[in-house]
Amino acid sequence: MPLIETNVGEGFWRKGPNEPLPPPDMMGPYMRGRAVPTRPVKGRKAWIIGSGIAGLSAAFYMIRDGGMKGEDITILDSMDIAGGSLDGAGDAETGYIVRGGREMNFNYDNFWDVFQDVPALELAEGYSVLDEYRLVNDNDPNWSKARLMHQQGKIRDFSTLGLSKSHQWELIKLLLKRKEELDDVTIEQYFSKSFFETNFWYLWRSMFAFENWQSLLEMKLYMHRFLDALDGMADMSTCVFPKYNQYDSFVVPLLRLLKDKGVKVQFDTRAYDLDMLEQQGQRTVTAIRCKVGGNDESIAIGPDDMVFALTGSMTEGTAYGDMDTAPVLARDAKPGEDSDWMLWKNLASKSPIFGKPEKFCGNAAASTWESATLTCKPSPLVDRLKELSVNDPYSGKTVTGGVITFTDSNWVLSFTCNRQPHFPTQPDDVLVLWVYALLMDKDGNYVKKPMPACNGREILAELCYHLGIVDQLDAVVANTKVRIALMPFITAQFMPRAAGDRPRVVPAGCTNLALMGQFVETSNDIIFTMECSVRTARIGVYTLLGLPRQVADISPTQYDIRNLMKAARVLNNNEPFMGERLLHRLLDKTYFAHILPPLPERDGELGERVEAEMATLLGKGSHALAAVFGWFDQLRDGPRSKSK
């Protein structure tokens, strides 16, 4: 059987008779071919622990690609609603709440593979969620006109990434480093102090929720994953957003499909351990130990049955607050016996192959941040929002185009207004905004206390201060409801780590167990995305069902010469990078001229600029300089005909 989880970084791929498979990172219709299972599925049962996007996707792939019946699949969840961290709830009277969101990109190939086959939420029969998504984004491209702000309401210039030559070199060296060099290295250990005041870092950390003290390795992987989107990072034109919140946009239609197929969902069931039979280096799950309604139960697992389990939880232990109440963490942010982390901790106590959960959940102070969801009726806040928005907030089109970050905020405060309505039943005169901050131990600039100590009124006051409307705070408070979520493990997946700290999807020797989610090791993909959740589920399903199909590595856009050229230009603050003009001189009149970004100078200036760059490298008047130009001209134009 071919290797299911591919790794493009393992070596050079060359087609030949001994390599019948396509390149390990190939995407496209050819990869849609469905395999015939090597083992019969009749009579096999599947138990999925966790009803987030990973668990739902595992059920989807078992049915679509594995040929299993839905009634043979049961999903267990400790909550009373599906979706895991993809949530969205509330109403206009009590206030809406969304704990967080996920950045979306065109090349989430596994994610879109699922949702091209999930019936649309609102479009007519025959259309998919992907069709619906494309319809929204194709007709309403995303961008931001106020991505960075400072000085109480002023838009900060974010036209460039603000990187010096030394900062650029730090990033280039990071891209060149091998992953193995970065075990347990933090971002702040690598970069110079001045790097953390650049536009790049404010844009990057607020878009992806990175903290200075977190994993440099994960930052590197993010740069490779999103290299094709680097030129749209500043104005967020690289992003595509759903019509509604991510619960209604994705969980609702996928869960509806699965239930129509007969999949069962059992709530109020917290799985905390797996019994295993160990023989001759193999581990087979024989039972799931769980609390059902608070009572201990054991679910027997046959040798041909399968278990798919979520390791860890980003939103476990969330504490909530409102307009008058600050959130209070229930147990000092340490995951206890009734925690969703307990399953992974118990697995890790059995063998090192299951990783080290304490690396991720052992320091909640380093992984905590807080969000607040604002339910707004017309007020000075809405008036200010209109000034900062791409379109009228009530138009149904892009509003802020992603988060707006206050670079001089002690909390590193950001807020956003996505397309409205954000909920299908949201009243026409109501807007839903989302606010979050990264630093939890700093006093606010206006409210002199850390964000976790603040109630909704105080968070509104801090936001209004940075928007320059704090003098109208009473009118804002009178027309706004705030619901708060303080999450002790929301960036736990970014904590510094080393090889072996996270388990593989199917750990060595496991015969009927696959692990999924944000705390599982894959070849080259990143975490904190819905794509990662789906990828891990797909790898697990194909492996345990014996489906001879590859799950391709991440999209090869990071190797595309056009994306490399674009990224180099953007990192150089939109100026041509050293040697770029020389490439233009070489390719200017060839078929490949279009792979280079256009130059800022007028026709006729190129030769002079190239000579100046080459003189800098080789020395003015150098014989080598003349020789290089002659060689390039001859290569491009070919040998000149000689007159007779």
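In what order do the eight strands of the open sheet run? Hold that thought for a moment while I say what we're looking at.

This is a predicted model, where local features need pLDDT of at least 70 and side-chain atom pairs count only at pLDDT 80 or more, while totals for chains, interfaces and linings use all residues. Numbering starts from 1 along each chain as its sequence is written, and side-chain values use heavy atoms, with hydrogens and water left out.

Okay, the overall picture. The chain comes to 18 helices and 18 strands; those are DSSP runs, H or I of at least four residues for helices and E of at least two for strands, numbered from the N terminus. Its radius of gyration is 26 Å, close to the 26 Å that the globule rule gives for 644 residues, so the chain is as compact as a globular protein of that length. That radius is taken over C-alpha atoms, and the rule is 2.2 Å times the number of residues to the power 0.38. Along the principal axes, the C-alpha trace spans about 95 × 75 × 50 Å.

Of the 644 residues, 59% count as buried, and by that I mean under 20% relative accessible area, with exposed being over 50% and partly exposed in between, using a 1.4 Å probe and protein chains only. Take contacts (heavy atoms within 4.5 Å) between residues at least 6 apart in sequence: 72% of them join residues at least 24 apart.

Back to the sheet. The order is β6-β5-β14-β15-β16-β13-β17-β12, and the pairing is mixed. Two strands pair, by the way, if DSSP finds at least two bridges between them. At the edges sit β6 (154-155) and β12 (319-321), each pairing on one side only. Further in, β14 (residues 404-406) and β15 (residues 413-416) run antiparallel, with two bridges, and Ile404 has Phe415 in β15 as its bridge partner.

Gly402 is buried at 3% relative accessible area. Leaving aside residues up to four places away in sequence, Gly402 touches Met236, Phe241, Phe415 and Thr416. The C-alpha atoms of Gly402 and Trp143 are 7.7 Å apart, although 259 residues separate the two along the chain.

In the loop between β15 and β16 (431-437) we find Pro421, and the peptide bond joining Gln420 and Pro421 is cis, with omega about 0 degrees. In the loop between β5 (148-150) and β6 sits Gln151, which isn't a glycine but has a positive phi of about 50 degrees. Gln151 is partly exposed, at 44% relative accessibility.

Asn573 also has a positive phi, near 60 degrees, and again isn't a glycine. Asn573 lies in the loop between α15 (561-571) and α16, but this residue is buried, with 19% relative accessible area. Then comes α16 itself (residues 580-587), where seven of the eight residues are buried.

Last stop, β1 (residues 46-49). Ala46 and Ile48 point one way, Trp47 and Ile49 the other, and all are buried. In a regular strand, side chains alternate between the two faces of the sheet. β1 pairs with β2 (residues 73-76) in the parallel sense over four bridges, and Trp47 stands opposite Thr74 in β2.
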